[in-house]
Amino acid sequence: MPISSMTGFARAAGERDGLFWHWEIKSVNGKALDLRLRLPPGFEALETPVRAALAAAFRRGNLQANLVVSGGLPRETLRLNHDILDGLVAAGEALRGRIGGEPLRADVLLSIRGVVDVAPQPEDEAERERRDGALLTSFNAALADLGAARRAEGERLQAVVEAHVTRIAELAAAARHNPARNPEAIRTRLSEQIARIVETGAGLDPDRLHQEAVIAATRADIQEELDRLDSHVEAARALLAAPDAVGRKFDFLAQEFNREANTLCAKAADRSLTAIGLELKTVIDQLREQVQNIE
């Protein structure tokens, strides 16, 4: 099963009864699953199902889901406050009877604050459920597209990671079969080193120097590091074939690769082995960079 990336983007739009909307979901790298939603006022009921759908679809990544709506303004009704209106009319007529003046005008009365209230019509529950159902249908379409985008990026990522793992295996094999690890080559190199030390260090015990040289050779042996590198390569290939989210495990494995490469470089007693170790470190650094994107 191909691995999945944590990066992707998807968009889906919809319309119902004059209400237009679109969902946008963006996904980037993250150590865990971090969900952030932005919903316009009046659509808060969507938060729970949207979060549940995101958590069911993905294991890791920082995800931002946004809903943008337009049109479909809520219907409103005008309500005349008769108590205030009757009071204003009575007061106005009483004042006109005392001081005279023009009759009260309806447009003036209606413009006075409190005479007319604008109130939204209560939303029909069944209609709201149908609207939310349509919105969630669009969201699920965007969610499916995001999953496809992450899988497509994961396929590209898998090819890169497989190439890095193959190169690590090749370099480990090259180090294992390097002529510098041949017993005769090691013996010759140690003999030359002992000879130089004896020539410059008067009074040094050749037997003692030989013992120290044997100890140094043992410490410089990289067999264990090569065996562990081979084991890590097998583990990496198993992760690439695993059906689950393997990003965290792969990140840890890349650190183990790096530890073995560092030790190999530290132990290398020949330039050719050092060169192999340095290239190993370069490839492993590239691998670590790529696995940061794996879910």
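Q: Why does tryptophan 23 count as buried?
A: In this predicted model, tryptophan 23 has a relative accessibility of 0%, and a residue is called buried when that value is under 20%. Since 0% lies under the cut-off, tryptophan 23 counts as buried.

Q: Why does phenylalanine 139 count as buried?
A: The relative accessibility of phenylalanine 139 is 1%, which is again under the 20% that the term requires, and therefore phenylalanine 139 counts as buried.

Q: What makes the rings of tryptophan 23 and phenylalanine 139 an edge-to-face pair?
A: Two values have to be set against the definition, one for distance and one for angle. The ring centres are 4.9 Å apart, and rings pair if their centres lie within 6.5 Å, so these two rings form a pair. Their planes stand at 65°, and an angle over 60 degrees counts as edge-to-face, so that name applies to the pair. The structure holds 1 aromatic pair.

Q: How do you know that this pair links distant parts of the chain?
A: Tryptophan 23 belongs to strand S2, whereas phenylalanine 139 belongs to helix H4, and the two residues are 116 residues apart.

Q: Why are strands S1 and S3 said to stand at the edges of the sheet?
A: The 4 strands form an open sheet with mixed pairing, in the order S1-S2-S4-S3. Strand S1 (8-16) and strand S3 (33-38) each have a single partner strand, so one side of each is left without a neighbour in the sheet. From one strand to the next, the twist averages 10°.

Q: Which helix lies across S1, S2 and S4, and at what angle does it run to S1?
A: Helix H4 (residues 125-176) lies across these three strands, and its direction is at about 155° to that of S1.

Q: Why does aspartate 17 count as exposed?
A: Its relative accessibility is 61%, and exposed means over 50%, so aspartate 17 counts as exposed.

Q: Why are the buried residues of H7 said to be on the same side?
A: The buried residues of H7 are Glu225, Leu226, Leu229, His232, Val233, Ala236, Leu239 and Leu240. They cover an arc of only 135° around the axis, and therefore they are on the same side of H7. On the other side, Glu224 and Glu234 are exposed. The cover over the buried residues includes H4, helix H8 (247-267) and helix H9 (271-291).

Q: What makes the buried residues of H9 line one face of the helix?
A: Among the residues buried in H9 are Leu273, Ile276, Leu280 and Leu287. Seen down the axis, the buried residues fall within an arc of 135°, so they line one face. The face turned away from them carries the exposed residues Arg271 and Glu289, while the cover on the buried residues includes H4, H7 and H8.

Q: Why is glutamine 290 called buried?
A: Glutamine 290, which lies in helix H9, has a relative accessible area of 17%; this is under 20%, so glutamine 290 is buried. Not counting residues up to four places away in sequence, glutamine 290 touches Arg156, Leu157, Val160, Val161 and His164.

Conventions: Residues are numbered from 1 along each chain as its sequence is written. This is a predicted model: local features need pLDDT of at least 70, side-chain atom pairs count only at pLDDT 80 or more; totals for chains, interfaces and linings use all residues. Side-chain values use heavy atoms; hydrogens and water are left out. Two strands pair if DSSP finds at least two bridges between them. Axes are lines fitted to C-alpha atoms, for helices over the stretch in contact, and angles run from 0 to 180 degrees between N-to-C directions. Contact means heavy atoms within 4.5 Å. Buried means under 20% relative accessible area, exposed over 50%, partly exposed in between (1.4 Å probe, protein chains only). The arc is that of the directions from the helix axis to the C-beta atoms. Rings of Phe, Tyr and Trp (its six-membered ring) pair if their centres lie within 6.5 Å; planes under 30 degrees apart count as stacked, over 60 as edge-to-face and the rest as tilted.
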